[in-house]
Amino acid sequence: HEDRGYNLTLIGTKALCGRAPVGVWPGKEGFMSDFVDASHVFLDNPAATRDEVLEFIAEKAVELGVSDDKDAVLKAFQDREAAGSTGMVSGFAIPHAKTDAVKSDAIIVVKLANDVDWGKTQDGEPTRVAVALLVPASDPTKHLRILAQVATLIVRDSFRSEIAESN
């Protein structure tokens, strides 16, 4: 793989691609790397619905020590989806939970085994990858900063292709 100008460990892609980082996203050295880990990446998830994906993420948040309250995290995800779909483009969704039940910032990446109807996505396509953001409610703007950075990656064709092709 060639260096495409972004740090592939930003959202756990190192684990998806099975290789070391290939560079640093200009101006963002260290961005998210303090709280993204290969243990936060899950492949071939069999979830068939958006709610199943969100429940899986909430369960993993507890298992990973990000939260102690699966139900509160799940409710935060569901409340956000009720306000408007987090489905993006090209098979990606960015669900996010901002709640006091989250102890520390985290990103959990779930690559789905099958297409999942995420509701209204920006391009009408089903979702194959969920990049979930979990942030404590104590910093009301932090999730927006992280969301903007992740969304910037997702709109890059090369980044989406690399995720889609990974096993």
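**Burial, pairing and packing in a predicted model**

Me: Is Phe-42 buried or exposed?
Reply: The model is a predicted one. Phe-42 has a relative accessibility of 16%, and the cut-off for burial is under 20%. Phe-42 therefore counts as buried.

Me: Is Phe-56 buried or exposed?
Reply: The relative accessible area of Phe-56 is 16%. Burial requires a value under 20%, so Phe-56 is buried.

Me: How many aromatic pairs are there, and which rings form the pair?
Reply: Ring centres must lie within 6.5 Å to pair, and the count comes to one aromatic pair. The centres in question are 5.3 Å apart. The rings belong to Phe-42 and Phe-56.

Me: Is the pair of Phe-42 and Phe-56 stacked or edge-to-face?
Reply: Planes over 60 degrees apart count as edge-to-face. Here the planes stand at 85°, so the pair is edge-to-face.

Me: Which elements hold Phe-42 and Phe-56, parts that the pair ties together?
Reply: The parts joined by this pair are 14 residues apart in sequence. Phe-42 belongs to strand 1 (residues 41-45), and Phe-56 to helix 2 (residues 50-63).

Me: Which strands pair with strand 5 in the parallel sense?
Reply: Strand 2 (residues 92-93) runs parallel to strand 5, with two bridges between them. Strand 3 (residues 96-98) is also parallel to strand 5, joined by three bridges. Among the bridge partners, His-96 has Leu-133. The parallel partners are strand 2 and strand 3.

Me: How many of the nine residues of strand 5 are buried?
Reply: Strand 5 covers residues 127-135 and is mostly covered. The number of buried residues in strand 5 is eight.

Me: What share of the protein chain is buried?
Reply: The protein chain comes to five helices and five strands. It exposes about 7,700 Å², with 47% supplied by carbon and sulfur atoms. Of its 167 residues, the buried share is 49%.

Note on methods. Residues are numbered from 1 along each chain as its sequence is written. This is a predicted model: local features need pLDDT of at least 70, side-chain atom pairs count only at pLDDT 80 or more; totals for chains, interfaces and linings use all residues. Side-chain values use heavy atoms; hydrogens and water are left out. Buried means under 20% relative accessible area, exposed over 50%, partly exposed in between (1.4 Å probe, protein chains only). Helices (H or I, at least four residues) and strands (E, at least two) are DSSP runs, numbered from the N terminus. Two strands pair if DSSP finds at least two bridges between them. Rings of Phe, Tyr and Trp (its six-membered ring) pair if their centres lie within 6.5 Å; planes under 30 degrees apart count as stacked, over 60 as edge-to-face and the rest as tilted. Accessible areas come from the Shrake-Rupley method with a 1.4 Å probe; for residues, only the protein chains shown count as cover.
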